[in-house]
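I opened a new notebook page for this model.

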Amino acid sequence: MAEDGKHGWMEASLAYQAHRDAGTGTVVFSGNGNTTCPILTYHNLTLSNSGIKTFATTPTVNGILSLEGTATVVVNTGVVTYGGDATLRYNKPSAYTSTGEEFPNTFPPLGGVIIAGTGTITLDAAKNIAYKLTINTGASVNLGTGLTHT
């Protein structure tokens, strides 16, 4: 609940919506500002607009985690975990540097990683994507300092 007590109903509503849609649908956290997100197993999860989307502990995504706008993800304890068919999609309009919280150094899910936006995605560390990396037209990836593609 918000510290000032004024937005508690909104956070409760968001938590209810997330719980209701997490298993089979798409949950979207699109607030312009910082948001505390419930710890769930999500099918599709979209973090968009602006602000830090914070999870207290490890959320799981079995479908698509889509990072959009200038939103960032923070997991206070742990990292985002992925199901076997999951996809990580960056749909950023401006430059963004990946973090180990959303993009582990080894990414084994079959869905792979999609770079979809016009913002250049810079890798924060060496990454091993087990299945595929898709870079859409107009999108770009910066491998970061000292990193190479093999």
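Which residues have the most contacts inside the largest nonpolar core? I found L45, L47, F55, L65, Y82, L88 and Y90, in a core of 26 residues. Such a core is a set of buried Ala, Val, Leu, Ile, Met, Phe, Trp, Tyr and Cys residues joined through side-chain atoms within 4.5 Å. Buried means under 20% relative accessible area, with a 1.4 Å probe and protein chains only. I then noted the elements that give two or more residues to this core: β1, β4 (44-47), β7, β8 (72-77), β10 and β13 (112-115). Strands here are DSSP runs of E, at least two residues, numbered from the N terminus.

Notes on the source. The model is predicted: local features need pLDDT of at least 70 and side-chain atom pairs count only at pLDDT 80 or more, while totals for chains, interfaces and linings use all residues. Residues are numbered from 1 along each chain as its sequence is written, and side-chain values use heavy atoms, with hydrogens and water left out.

Six-strand sheet. I read its order as β1-β4-β7-β10-β13-β16, open, with parallel pairing. Two strands pair if DSSP finds at least two bridges between them. β1 (26-29) and β16 (133-135) are at the edges; each has a single partner strand, so one side of each lacks a neighbour in the sheet. The twist averages 10° from one strand to the next, with axes fitted to C-alpha atoms and angles taken from 0 to 180 degrees between N-to-C directions.

I followed β1 into β4: four bridges, parallel. V28 has T46 as its bridge partner in β4. V27 and F29 make up the covered face of β1, T26 and V28 the uncovered one.

Next I checked L45. Beyond neighbours within four places in sequence, L45 contacts V27, F29, F55, V61, I64, L65 and S66; contact means heavy atoms within 4.5 Å.

Strand β7 (residues 64-68) runs parallel to β10 (residues 87-91), joined by five bridges. E68 stands opposite N91 in β10.

Is L67 buried or exposed? L67 is buried, at a relative accessible area of 0%. L67 lies in β7. Not counting residues up to four places away in sequence, L67 touches L47, V73, R89, Y90, N91, K92, Y96 and E102. Its C-alpha is 8.6 Å from that of L45, 22 residues apart along the chain.

Three-strand sheet. I logged the order β3-β6-β9, open and parallel. β3 (41-42) and β9 (81-82) are the edge strands, each with a single partner strand. Two bridges join β3 to β6 (residues 60-61), and T41 stands opposite T60.

Note on methods. Buried < 20%, exposed > 50% of the residue type's maximum accessible area, 1.4 Å probe, protein only.
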